[in-house]
Amino acid sequence: MSLYLFSTLILSIVFLFVFNSWWSAGAPFTTHLTGLLIAGSVLISVLLMAALAPVLARQGSSRTLARMQSPNWEREVSSRLSSPAAVIEGHTVVFANQAFLNELGMTGMSDQIVGMPLTNVVYPGDHKLLASRLANIDTSSGADTPLRLLCLDGTVLPSKLSLSPMGQGTTHQRLLLQFSLISSGPATGVRFNEQFNYHLLINRLEEVVFELQRGNKLSFLNPSWETLLEYPLEESLGKSFIDFIHPEDKPLAIARLDSIARGKRMRCNEQIRLIRRNGEPCWVEIRARSSAMAENEGANVVGTLTDITEARQVEASLRSNRHSLSSLINNVPCMIYRRKADHGLNFEFVSDGSLNLTGYGAHELIASPALSFRKLLHPDDRPVWEAAREQVLQEQSLQAVYRLYSRNGTYQWVWEHGNGIYASTGELLAVEGFIAALGQEDAEAAPDFMQLQRKLGGRQGTASA
């Protein structure tokens with residue numbers, strides 16, 4: 001209304017000046033009457049403005065107060081806060097800022113949380129504590145209350161909750177809710193207070209002791225970190241631990257550490273690579289666990305890093321040597337074996353030379369009971385081989401010529417040389433050796449050699465009797 005009165009006053013004054021510019025004493029009566037009306041309008045407008053000024057001032061202040069108490073103002077205040085904040089009315093959430101939604105894992109879900117009871121995001125065991133806090137808001141305004149909040153994925157966030165009134169005189173008092181996560185430890189790790197022995201102990205450990213806060217930020221490190229990676233502690237604290245991990249190992253580390261921080265798992269044990277200050281990678285064994293006291297409770301991650309670079313190098317060297325040895329054995333033109341000392345004489349190991357010798361692959365001779373060594377022997381040659389086996393039982397070398405069955409249905413003359421593996425009691429555990437195919441000339445002479453073997457075997461049996 002004040003705008004209308006002001007506009008009327010201005011227009012009346014303008015008309016008065018315009019009318020006065022062409023006023024003359026000899027003008028008609030209607031002109032004189034118009035001038036009187038314009039002058040009266042100006043006077044009335046001035047009187048009304050003077051009378052209504054106090055009323056309009058009071059209305060302006062009440063509007064300002066109402067605007068300060070309106071949800072729009074509360075939303076503007078809470079949205080400008082960088083910390084998680086929300087506006088609640090009674091037990092209902094009226095507004096939640098982006099930081100609040102991010103911490104609870106509800107990014108982009110503002111429409112779903114507005115109008116929802118506050119108890120839906122509070123751990124059930126803390127509902128009574130929340131009700132008591134809301135009932136005593138006037139006496140405990142601004143005080144922090146330890147409270148556990150529920151994230152969308154079911155994890156629990158230990159936090160400190162503060163409630164503050166927003167405005168006075170409203171029927172339903174609106175409150176500004178803010179919370180901060182409770183850290184399980186101090187955010188320092190450069191200097192230790194050596195009045196406690198465990199500080200000195202952690203300081204002297206060769207393993208790196210660390211703590212990660214939310215977002216995998218390093219909040220604690222012992223001096224072994226600088227020995228391992230050559231990064232000063234002051235430069236490392238506050239940075240993300242992921243920045244120090246080899247790019248190829250980052251997905252695994254992020255998955256494990258995030259699941260621990262969210263309470264999905266309590267511990268992990270992995271081998272990953274870190275990048276030293278000079279750019280060289282180093283292998284470490286990371287043992288990490290949650291600092292939470294209950295399952296599904298979000299918390300910091302604590303753990304150790306053990307340097308295993310040398311062990312990994314030795315392992316790689318052994319793996320390379322085993323590969324070279326395996327390649328050498330498989331390229332030898334005979335079948336190298338390890339055979340059990342059981343009734344079936346089953347193979348424990350066979351080289352790839354078995355394929356050329358018998359037509360059977362190594363995996364077939366090892367995995368199939370139907371292809372035991374005893375079943376591959378020619379029936380007429382079993383006594384000869386048994387006699388040779390007796391020599392092994394007497395801790396002598398095994399040497400025998402006999403026929404061995406092939407996949408194509410024929411028998412091939414072979415020569416075997418082996419030695420026994422014995423227990424400390426003298427019991428035969430296994431036989432290791434090789435079996436080679438005889439050439440054509442040797443195969444023709446093999447029957448004579450086999451008869452000689454039988455005679456020798458018979459004489460040895462008579463002598464032993």
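Predicted model: local features only at pLDDT ≥ 70, side-chain atom pairs only at ≥ 80, totals over all residues.
1. Start with the largest pocket. It holds about 410 Å³ of space. Its lining comprises 22 residues. Nearest its centre lie L157, L181, R214, A261 and A299.

2. Three elements each give at least two residues to the lining of the largest pocket: α4 (98-103), β4 (156-165) and α10 (250-261). By class, the lining of this pocket has eight nonpolar, nine polar and five charged residues.

3. Now the cavity. Searching the whole structure turns up one cavity of 30 Å³ or more. The largest cavity contains about 30 Å³ of space. Around it sit R339, A341, L345, W385, R389, L398, L428 and V431.

4. The lining of the largest cavity is six nonpolar and two charged residues, with no polar ones. Both α15 (382-393) and β15 (428-437) supply at least two residues of it.

5. Look next at α15 itself. Its twelve residues should span 16 Å at 1.5 Å a residue, and its end C-alpha atoms are 16 Å apart, so the two values agree.

6. Which residues of α15 are buried? They are V384, W385, A388, R389, Q391 and V392. Seen down the axis of α15, these buried residues fall within an arc of 145°, so they line one face of the helix. An α-helix has 3.6 residues a turn, so residues three or four places apart point the same way. W385 and R389 are buried in α15 and also line the largest cavity.

7. One backbone detail follows the helix. Just after α15, E395 has a positive phi of about 60°.

How values were computed: Residues numbered from 1 in each chain as written. Heavy atoms only, no water. 1 Å grid on protein atoms, 1.4 Å probe; cavity = no way out; pocket = protein on both sides within 12 Å on 5 of 7 lines; lining within 4 Å. Points joined across faces, edges and corners; volume = space filled by probe spheres on them. Helix = DSSP H or I, 4+ residues; strand = E, 2+ residues; numbered from the N terminus. Nonpolar A, V, L, I, M, F, W, Y, C, P; charged D, E, K, R; others polar. Expected span 1.5 Å × (residues − 1). Buried < 20%, exposed > 50% of the residue type's maximum accessible area, 1.4 Å probe, protein only. Arc of directions from axis to C-beta.
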